[in-house]
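Subject: Structure for your review

Dear colleague,

Please find below the structure that I am handing over to you. I would be grateful if you could read the notes that follow with the structure open beside them.

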Amino acid sequence: MRIGFLTLLRREIYRFIVLPNQTIVPPLVSALLYVLVFGYAIGSRIAHVSGAPYVTYIFPGLVMMNAINGAYANTTTSLFIARNELFIQDLLVSPLSHLEMVLAYTLGGAVRGMLVGLSTLAVGYLTLGVHLHDAAATVFFLAISSLAFAALGNIVGLWAERWDDVAICLNYVVTPLVFLGGVFYSIDMLPPGWQAANRMNPIFFLVNGFRHGILGIQDAGTGLCAIVGIALASALFAIAVTLFHRGYKLRA
C-alpha cells in the first residue's frame with residue numbers, strides 16, 4: 001500500500017474518532033430511544049413479527065440505519081469541507097491516483113459506519129440479549145452497506161454547493177428509503193402493491209440480509225440480498241471514481 005493512501009485513510013478515520021460525542025455516541029442514544037418508544041411502547045400493542053418480539057425484530061434495522069447514516073455523513077462532510085476550504089487542491093497535486101483518493105474517503109466512511117453499527121449491536125446485546133444467527137452474514141451486510149453509502153457520500157460531497165445541499169440527499173432520499181426499507185415492519189404486513197414497491201428499494205435487501213444475519217429471519221433470499229448490496233456498492237463507487245477522474249467540481 002502506498003504511504004499517501006494510508007495517510008489519507010488514517011486522516012479520515014481520525015476525523016471521527018476524536019469527536020465521539022458527534023459521531024459515535026449520538027447514534028447509540030438514538031437506537032436506545034427507538035427501542036424504548038417503538039419497541040416497548042408501540043411493540044406492546046403488536047404481536048410477534050415472524051416469530052420474534054417486535055422490539056427484537058426492528059433492532060437489526062436500527063443498527064443498519066445508524067451504520068448507513070454514519071458512513072454517508074463521514075464522506076459527505078469530509079469532501080464538502082475539503083472543497084469548500086480549497087485544501088482539496090493539495091490532494092489533487094499529490095501522487096495519489098483518483099482511485100486511491102476515492103478508496104481512502106470511502107473506507108474512512110465505511111469504518112465509521114461499521115464502528116457505529118457494531119457499537120449499536122453491543123447495546124442490543126446488553127439490553128435485548130440479541131445474539132448473532134450468522135456472524136459472517138452480519139459482518140458482510142454491515143460492511144457492504146457502509147461501503148455503498150460511504151461511496152454515495154463521495155458523490156454528494158462533490159455535488160453539494162452549500163451545507164443545505166449536503167442534507168438534501170439524506171433528508172429526501174436516504175432517510176425515506178431507510179424508513180421504507182423494512183426497518184419497522186415485515187413486508188408480509190403490507191398489501192401486494194406496497195410489497196412490490198418495497199422490492200424496488202435497495203435498502204430493503206440490505207436490511208433483510210442483515211436481519212437474517214442477526215435473527216435468522218428474512219423476507220428475501222440471502223443470495224439476492226448480497227447481489228443487490230454488491231451491485232449497489234460497486235455502482236456508486238464506480239460513479240465516484242469517474243467523477244474524480246473528470247475533475248467534477250474539484251478545481252476552483
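Helices are DSSP runs of H or I with at least four residues, and they are numbered from the N terminus. With that numbering, Ala 52 is placed in the loop between α3 (25-42) and α4 (54-84). Please keep in mind throughout that this is a predicted model.

Is Ala 52 buried or exposed? Its relative accessibility is 8%, and Ala 52 therefore counts as buried, since buried means under 20% relative accessible area.

I next turn to the aromatic rings. A pair of aromatic rings is described by the distance of the centres and the angle of the planes. How many aromatic pairs does the structure hold? There are 4 aromatic pairs. One of them joins Phe 140 and Phe 141: the ring centres are 5.0 Å apart and the planes stand at 85°, so this pair is edge-to-face. The reasoning rests on the cut-off that planes over 60 degrees apart count as edge-to-face. Phe 204 and Phe 205 also form an edge-to-face pair, with 5.1 Å from centre to centre and 75° between the planes.

The surroundings of these residues can be described as well. Phe 140 has a relative accessible area of 30% and is thus partly exposed, whereas Phe 141, at 2% relative accessibility, counts as buried. Phe 204 and Phe 205 are both buried.

A charged side chain also meets a ring. Arg 211 lies over the face of Tyr 57, 3.9 Å from the ring centre.

Which helix gives the largest share of the patch? Helix α8 (residues 163-179) does, with 4 residues. Val 173 is found in helix α8, and its relative accessible area of 39% makes Val 173 partly exposed.

Finally, I looked at the cysteines. A disulfide is a covalent bond between the sulfur atoms of two cysteines. A search of the whole structure finds 0 disulfides. Cys 169 counts as buried at 13% relative accessibility, and Cys 225 counts as buried at 0%.

Yours sincerely,
A colleague

Conventions
Residues are numbered from 1 along each chain as its sequence is written. This is a predicted model: local features need pLDDT of at least 70, side-chain atom pairs count only at pLDDT 80 or more; totals for chains, interfaces and linings use all residues. Side-chain values use heavy atoms; hydrogens and water are left out. A disulfide is a pair of cysteine sulfur atoms within 2.5 Å. Buried means under 20% relative accessible area, exposed over 50%, partly exposed in between (1.4 Å probe, protein chains only). Helices (H or I, at least four residues) and strands (E, at least two) are DSSP runs, numbered from the N terminus. Rings of Phe, Tyr and Trp (its six-membered ring) pair if their centres lie within 6.5 Å; planes under 30 degrees apart count as stacked, over 60 as edge-to-face and the rest as tilted. A charge sits over a ring if NZ of Lys or CZ of Arg is within 6 Å of the ring centre and within 35 degrees of the ring normal.
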